Amino acid sequence: MITAIDMIGTSLGSGTKTYNLNFCIYLSKLNLKDKIYIFITEDYFKHVSDIKNEKIKYIVKSNFLNNIFFRLLWMQFFLPIELKLLKVNQLFSPMNMGPVLIKLFKINFVLALHSNLPWVYFSKMPGNYFRNFLTKYLMEISVQACDKLIVDSDFAKNEIVNLLDIDKDKVFSVYLGVDKKYLINENNKFYIKNFDYENYFISVLSCVKYHNIINLLKGFKLFQLENNFKVKFVLVLQILDKDYFKEIRNFVEKNFKENEIIFFHNLNNNFLINLYKNAKFYIFSSYCEVFGLTSLEAMSQGCPVIISNKSALREVNSHAATYFDPDNEIDIKENIKKILFNENYKNEMIKKGNIHFKKFNWRDTVSQTLKILED
């Protein structure tokens with residue numbers, strides 16, 4: 001059987017890019033039975049070109065396909081034709097959607113879905129209404145049309161089965177892994193120039209409404225009003241919703257002094273290691289996650305985690321994190337106090353996190369996915 005994998009994705013440093021590159025790297029290390037074609041853009045290919053496997057052939061496409069409009073056009077109308085010419089029997093698309101006409105070409109279709117957001121918090125999606133409606137429509141058609149659906153957690157599986165009334169037997173949950181750069185126990189030389197790596201806590205997240213950033217800031221403000229303890233809040237953001245970012249900046253200007261809140265935009269991921277390692281704690285306040293990698297990354301660097309009690313976050317982080325209600329500013333404030341002022345509790349969370357993150361690795365992710373593809 002010949003399988004093709006569509007790894008054409010965004011050029012941003014996002015979860016999509018993390019998934020695609022790690023999948024390619026660890027797939028190349030496996031003893032594969034059948035031939036696999038991987039569609040990939042030039043900027044992704046440079047990260048994996050030196051890893052060889054005689055069963056894998058990369059089909060390298062222009063970086064123009066990083067643009068969502070050109071990517072959708074190619075995916076829906078040109079990819080099926082290319083698959084037919086290559087005599088492909090099965091397409092694996094880990095991009096939340098696939099070509100809706102693929103069944104006409106008699107090609108099996110396996111989809112990986114990394115977000116349930118369009119069906120849960122449509123109004124909180126970044127972008128304009130038309131684009132979001134089209135995204136939801138294509139994702140839903142893809143979910144209904146696929147032969148097998150792979151999701152990132154048991155929570156995601158149960159939620160999507162109930163939301164779309166699909167056969168639970170065609171849905172498989174496969175956990176993601178922690179990127180290998182967080183597993184290397186050596187000094188990292190990536191430090192941000194002129195940044196003071198002391199007395200701060202951190203959140204690494206996309207600037208979108210469902211990540212609930214303003215409530216985090218409100219909780220931090222309550223902490224400041226009650227405690228004479230100087231600590232900075234560092235936000236590492238991918239700005240996907242520009243209007244929401246303006247709202248955040250306005251809130252910060254009205255409520256905080258200069259340098260109490262520090263923004264880093266589109267930061268190279270290599271800088272995250274030392275940011276995690278030196279932070280007092282990591283905090284994340286999302287309403288809607290089917291997995292969430294950043295909390296595990298923080299744990300890998302000895303950083304205690306405070307996290308929302310919503311969606312799949314309890315399943316993924318288990319007993320190794322402290323949980324809060326993202327709608328409750330007082331709860332956020334109290335958990336900040338607990339980590340900062342209770343040294344024994346903080347050390348216990350670090351210890352648990354150091355054990356917990358090791359349960360998630362990309363070799364298992366890729367091996368389990370390959371088994372689903374081969375069955």
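This is a predicted model: local features need pLDDT of at least 70, side-chain atom pairs count only at pLDDT 80 or more; totals for chains, interfaces and linings use all residues.
Strands are DSSP runs of E with at least two residues, and helices are runs of H or I with at least four, numbered from the N terminus. Residues are numbered from 1 along each chain as its sequence is written. Local features need pLDDT of at least 70, side-chain atom pairs count only at pLDDT 80 or more, and totals for chains, interfaces and linings use all residues, while side-chain values use heavy atoms, without hydrogens and water.

β5 pairs with β4 (residues 90–93) in the parallel sense, over four bridges. Pairing requires at least two DSSP bridges between two strands. Leucine 91 has phenylalanine 109 of β5 as its bridge partner. β5 also pairs with β6 (residues 148–151), again parallel and over four bridges. Here leucine 113 bridges to valine 151 in β6. Alanine 112 stands opposite isoleucine 150 of β6.

These strands belong to an open sheet of seven, ordered β3-β2-β1-β4-β5-β6-β7 with parallel pairing. β3 (56–61) and β7 (171–173) stand at the edges; each has a single partner strand, so one side of each lacks a neighbour in the sheet. Neighbouring strands are turned by 20° against each other on average, direction ignored. Axes are lines fitted to C-alpha atoms, for helices over the stretch in contact, and angles run from 0 to 180 degrees between N-to-C directions.
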